[in-house]
Amino acid sequence: MPTIRLDKLLANRTPHSRSEVKQLLRQGAVQIDGVTERDGSRQIDPDAVQVTCCGKLLPGGAHIYLLLNKPLGVICATEDRRQQTVIDLLPPERRTKGLFPAGRLDADSTGMVLLTDDGDLAHRMLSPKHHVPKFYLIRLARPYEERYAAALADGLTLSDGTHCLPAEIAPLPDNSHALVCLHEGKYHQVRRMMAALGNHVENLHRTAIGELVMPVNLGLGEYLEIIHKDVENMLKEPQFWAVYERIMTNYSSYLINVSL
Ligand code: URA
């Protein structure tokens, strides 16, 4: 793992400001593996040592990665005067500085959002160069039609002339839900694609990014902390059918759990 300055780690991972951190270091309130450390410039590997501040253990890792199951009506922003944001959903002690949603999910969509303070990772995940696949479970107003798969595979053109990259879709056994995989993120893309095919998306839930599928027992509005290795899985390109199979093993509990 990369190293990070001790004072930077403390400022990222505790509610204290940089100047408070300096003072705490001077007062001897910070320990590394049980030994008091007063030098904030010391480079440490947060995965290899235990850091405590005011008697509290800091979670491991140089960065924070929280997997949130975003509920309806909440926006992917760090602050907003009118609407509840994904950051507002966290308990105060988890709203650490620099935390932001890596990517967008519309207010009227639910599901997987990564909250992190790791700008490099977010850049890799969002860059159009990388085409990180994102999987959406959707509920359709009208039954699924077989022609959809070929239309998406060819690269659909939306009503305003926008061309989409080839994408995948397959129905769930009830024919009113489907799993869609996109390799890009245009505005309201899934909804506009299904509209271009003459259908309508009633509900949309992001269920996987790359190889990382959201745990079925994570309820709407809940989050869990994941480690760097899991985050790396979000950058991988799984086979569509591998993710489909994994979702299918649990899909009825999944649909109930997320009100889809
Ligand atoms: N496509 C949509 O239409 N909405 C989202 O939130 C994500 C993908």
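**The ligand and its surroundings**

Modeller: The residues around the ligand are Leu 105, Asp 106, Ser 109, Tyr 136, His 188, Gln 189, Val 190, Arg 191 and Leu 204, and it should be kept in mind throughout that this is a predicted model. Among these residues, Asp 106 places a polar side-chain atom 2.7 Å from a nitrogen atom of the ligand. Val 190 takes part through its backbone instead, with a polar atom there lying 3.1 Å from a nitrogen atom of the ligand, while a polar backbone atom of Arg 191 lies 3.1 Å from an oxygen atom of the ligand. On its own the ligand has 240 Å² of accessible area, and the protein covers 95% of it.

Tyr 136, one of the residues around the ligand, brings us to strand 10, which spans residues 134–140 and is joined to strand 12 by six bridges, the two running antiparallel. Within this part of the model, Ile 138 stands opposite Ala 178 of strand 12. Strand 12, residues 177–182, also pairs with strand 11, residues 168–171, in the antiparallel sense and over four bridges; here Glu 168 has Cys 181 as its bridge partner. The hairpin of strand 11 and strand 12 has five residues between the strands, and in it Asn 175 takes a positive phi near 65°.

How many residues of strand 12 are buried? Six of its six residues are, so that the strand is described as mostly covered. In a regular strand the side chains alternate between the two faces of the sheet. In strand 12, His 177, Leu 179 and Cys 181 point one way, whereas Ala 178, Val 180 and Leu 182 point the other way, and all of them are buried.

Turning to another sheet, four strands form an open arrangement in the order 3-2-5-6, with antiparallel pairing. Strand 3 (35–36) and strand 6 (56–57) stand at the edges, and because each has a single partner strand, one side of each is left without a neighbour in the sheet. Strand 5, residues 51–53, pairs with strand 6 in the antiparallel sense over two bridges, and Cys 53 stands opposite Lys 56 in strand 6. Helix 1, residues 6–13, packs on the sheet and touches strand 2 and strand 5, its direction making about 60° with that of strand 5.

Gln 31 lies in strand 2, residues 30–32, and it counts as buried because its relative accessibility is 17%, under the 20% cut-off. The side chain of Gln 31 reaches the backbone oxygen of Gly 28 at 3.2 Å. Leaving aside neighbours within four places in sequence, Gln 31 is in contact with Thr 36, Glu 37, Gln 50, Val 51 and Thr 52.

Technical notes:
Residues numbered from 1 in each chain as written. Predicted model: local features only at pLDDT ≥ 70, side-chain atom pairs only at ≥ 80, totals over all residues. Heavy atoms only, no water. Buried < 20%, exposed > 50% of the residue type's maximum accessible area, 1.4 Å probe, protein only. Polar contact = N/O pair within 3.5 Å; in protein donor to acceptor, adjacent residues only side chain to side chain. Contact = heavy atoms within 4.5 Å. Pairing = 2+ DSSP bridges. Axes fitted to C-alpha atoms, helices over the stretch in contact; angles between N-to-C directions. Near = heavy atom within 4 Å. Areas by Shrake-Rupley, 256 points an atom, 1.4 Å probe, with all protein chains shown as cover.
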